[in-house]
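Please open the model in your viewer and keep the selection tool at hand. The tour moves from one selection to the next.

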Amino acid sequence: MARGLEFKIASDIVEFEQIAKLNYETFVEEIPQHDANPVRVLEDKFHNENVYIICLDSGELVGMIAVRDKRPFSLDHKLENLDSYLPESSSLCEIRLLSVKTGRRHRKVIQGLFILLAEYCEEMNYDLALISATPSQSELYQKLGFIPFGSLVGKENAAYQPMYMTCESYLKFKEGNKLLSRMREPKPLDRIPLNLLPGPVSVKPSVKSAFVSSPVSHRSPVFIKDLKSVKAILSSLVNSKHVEILMGSGTLANDAVAYQLSLIRGKGLIISNGEFGERLCDHAVRTGLSFNSIKLKWGNSFTPGAIEKALQSDRKINWLWVVHAETSSGILNDLEILKKICTARDVLLCLDCVSSLGTTPLDLSDVYLASGVSGKGLASYAGLSFVFYNHEISPAPCFIPRYLDIGGYAKSEGVPYTLSSNLIYALKESIENTDFERRFGTLRELSLWLRGKLRHLGFLIIASEENFSPSLTTIVLPPQISSRELGERLEREGFFLSWRSVYLQKRNWIQISLMDECSKKNLLLLLKLLDDMLVSGIRRSL
């Protein structure tokens with residue numbers, strides 16, 4: 001697009017605030033369609049349903065146009081029996097609120113807005129588009145392929161001409177006009193099926209290539225050197241002094257953590273607010289640990305006061321174990337508060353970071369033990385798990401199984417037993433070529449945008465804006481919609497969400513994970529399907 005200009009779909013609060021101001025400047029001050037107000041902002045009555053195509057210049061909004069596909073349209077309120085004027089269609093939308101700042105109304109801005117608008121409408125498979133054009137711009141819109149119908153609508157000093165565009169008129173315009181010459185060809189989903197599961201994630205071709213390379217002996221000098229490099233990258237990523245790599249899942253890493261805790265005199269405190277917090281309690285029971293627990297309703301966040309009270313009431317507690325990102329509910333438990341409490345009381349903090357590693361910034365500098373995995377947020381193959389720590393660990397007494405003895409790994413340069421070179425080199429390729437700072441920012445922005453869209457559709461999301469995991473969004477479905485029925489239908493459409501776990505089915509929850517790469521355009525298609533299913537489910541219940 002034009003140099004210095006950015007064209008995108010609006011997604012954050014700052015952009016929406018600028019949209020309300022530009023809306024006021026255009027449709028109150030320039031075109032007197034609405035009454036003036038002292039704050040000089042105007043939020044469109046369909047704001048929560050609009051998709052805004054915007055043009056930014058160094059973060060400043062210079063132009064916008066909105067599209068919406070939910071009836072009734074604004075024209076439904078202005079033109080009686082609107083459908084009688086329109087050709088037959090199966091998927092229609094209304095295009096509104098075209099506005100460009102005074103002094104910025106040049107071809108580059110208009111062209112960029114219409115290019116992205118056309119891409120979006122093609123992605124959504126709309127076959128009819130409506131627009132209300134100011135009479136002075138009616139000829140321009142006709143050149144774009146719009147067909148006028150009906151009489152003028154609106155106020156005398158803010159009149160509009162209703163117009164529509166069909167697939168045929170659009171394609172004719174597209175083929176014979178230069179405006180869309182730089183528009184890329186429409187394409188299907190970036191990845192079919194679209195993986196919105198918390199694992200396994202898709203891997204890049206380079207990661208796959210590393211995985212299928214010839215195996216290397218885990219005792220060879222080159223492997224030992226490369227393993228040290230992998231461990232250094234992992235430690236640097238989370239600000240931890242040490243990490244050991246085990247062959248197995250996150251469950252294995254948590255077993256290893258539990259056995260390390262068995263070496264500590266005293267007792268522990270486990271905080272549970274979801275399925276995987278419950279599993280920490282099970283690890284502790286199976287290992288014979290002495291511990292108390294704070295069990296919250298799934299999806300609820302702990303309060304510092306409750307933890308302080310639990311620690312105060314039992315002075316024997318000297319370690320605390322909690323899941324950082326609770327996979328079941330999408331809650332991100334507050335790490336900084338936990339570190340502050342534990343540091344002040346000289347309590348050892350242990351974390352399950354299986355779903356937070358690689359998806360959100362992690363500082364494990366004051367953490368005693370933490371678990372993680374090679375799949376999920378690190379975008380490699382499952383099969384490796386990690387235990388991070390910041391103290392020296394010696395080989396343990398004989399009652400700890402050899403395979404779970406973290407001290408044994410530390411003494412053997414991380415390779416006491418066979419390690420798959422294929423898994424190690426796949427992981428190395430992935431983490432060496434991932435810009436994690438950028439990934440964290442992108443994930444958070446995409447998650448905020450998705451959560452906002454889901455709420456606008458009427459879905460109930462468990463985690464609040466203060467404690468959500470950027471890679472996990474858990475939705476509570478209304479009772480008239482079955483998570484199984486919805487999940488199976490979405491799978492038939494090519495969208496694979498998490499719903500099959502017993503704990504999700506029991507609560508009629510579904511979950512969208514962003515650990516795999518996906519785009520807003522693909523998510524918009526998912527949102528449209530979810531909206532249709534929500535409406536049809538409600539209708540069936542009436």
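Two strands are said to pair if DSSP finds at least two bridges between them, and the strands (E, at least two residues) and helices (H or I, at least four residues) are DSSP runs, numbered from the N terminus. This is a predicted model, in which local features need pLDDT of at least 70 and side-chain atom pairs count only at pLDDT 80 or more, while totals for chains, interfaces and linings use all residues. Residues are numbered from 1 along each chain as its sequence is written, and side-chain values use heavy atoms, with hydrogens and water left out.

Next, select the open sheet of 7 strands, which has mixed pairing and the order S10-S18-S17-S16-S13-S11-S12. At its edges are strand S10 (242-247) and strand S12 (291-295), each of which pairs on one side only. From one strand to the next the twist averages 20 degrees.

Within this sheet, pick out strand S17 (residues 369-373) and strand S18 (residues 384-389), which run antiparallel and are joined by 5 bridges; here Ser371 stands opposite Val387 in S18.

Helix H7 (residues 221-238) lies across S10 and S18, running at about 120 degrees to S10, where axes are lines fitted to C-alpha atoms, for helices over the stretch in contact (heavy atoms within 4.5 Å), and angles run from 0 to 180 degrees between N-to-C directions. Helix H10 (residues 304-313) lies across strand S11 (267-272), S12 and strand S13 (317-323), at about 160 degrees to S11.
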